[in-house]
Amino acid sequence: MIMSIRPILIHPDPRLKTVADPVSDIDEAMQKLAEDMLETMYDAPGIGLAAPQIGILHRLIVMDCAKDEGAPPRPLAMFNPQIVWESDDRNIHEEGCLSIPETWAEVTRPAEVVVQWTDPAGDPHEDRLSGLWATCVQHEIDHLNGTLFIDYLKPLKRQLITRRMKKLKRERSRDTA
Ligand SMILES: [Zn+2]
């Protein structure tokens, strides 16, 4: 299977604010999409990517948070991921996003979550995630609901970041023109 790196959308973009559709049939095209997303994520490099970030409005996310914990790679592709339980314990993590380059901010989220999803082979899974994995999966599922991590920040800070991203996009389009 030949993989390809897809361009990542930069905020602001209406596709990043849209609720994505469930995937009803995990066919070859969907499996290829998951492979492409992993390739795109590793290339960026990043630890998570959601389909809307490459302009595809389906409920599919990919993640690999293993490298930050010194473990061997553990690529995960989740179709229709759903959080079915979250801990009362909170965790503050400095988050970034491939759609909001060079921007980090602290976000508070449940420290542990239980997630249900379907893998590319069509098999259902349920797992309890903690640490960076928990933060990452919540960040990526947010993307499927049109929510960005900057939506948790104070309006003024969010506006500042959005202005900077608009400028970045202008500069990038000038560079490629
Ligand atoms: Zn993101």
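His143 is found in helix H2 (residues 131–144), where helices (H or I, at least four residues) and strands (E, at least two) are DSSP runs numbered from the N terminus. The model is a predicted one, in which local features need pLDDT of at least 70, side-chain atom pairs count only at pLDDT 80 or more, and totals for chains, interfaces and linings use all residues. Residues are numbered from 1 along each chain as its sequence is written.

Because His143 has 22 C-beta neighbours inside 10 Å, it counts as buried; a residue is buried if 20 or more other C-beta atoms lie within 10 Å of its own, exposed if 12 or fewer, and partly exposed in between, with C-beta atoms placed from the backbone. Leaving aside residues up to four places away in sequence, His143 touches Ala50, Pro52 and Gln53, contact meaning that the C-beta atoms, placed from the backbone, lie within 7 Å. H2 as a whole is mostly covered, with 11 of its 14 residues buried, among them Trp133, His139 and Leu144. From its first C-alpha to its last, H2 reaches 21 Å, close to the 20 Å expected at 1.5 Å a residue, the expected span being 1.5 Å times one less than the number of residues. After H2 comes Gly146, with a positive phi near 75°.

An unreviewed UniProt entry places the feature "binding site" at Cys97, His139 and His143. These residues span 47 residues in sequence, yet no two of their C-alpha atoms are more than 10.2 Å apart, so they gather at one spot. UniProt positions are given in the numbering used here, feature names are shortened, and annotations may be inferred rather than shown by experiment. Cys97 is found in strand S4 (residues 90–97) and counts as buried because it has 25 C-beta neighbours inside 10 Å; beyond residues up to four places away in sequence, Cys97 touches Leu148 and Phe149.

Elsewhere, 5 strands form an open sheet in the order S1-S2-S3-S6-S7, with antiparallel pairing, two strands being paired if DSSP finds at least two bridges between them. Its edge strands, S1 (48–50) and S7 (124–130), each pair on one side only. Within this sheet, S2 (residues 60–63) and S3 (residues 76–86) pair in the antiparallel sense over 4 bridges, and Ile61 stands opposite Met78 in S3.

Helix H3 (residues 155–176) has 22 residues, of which the number buried is 1, so H3 lies largely in the open.

Note on methods. Two residues are in contact if their C-beta atoms, placed from the backbone, lie within 7 Å.
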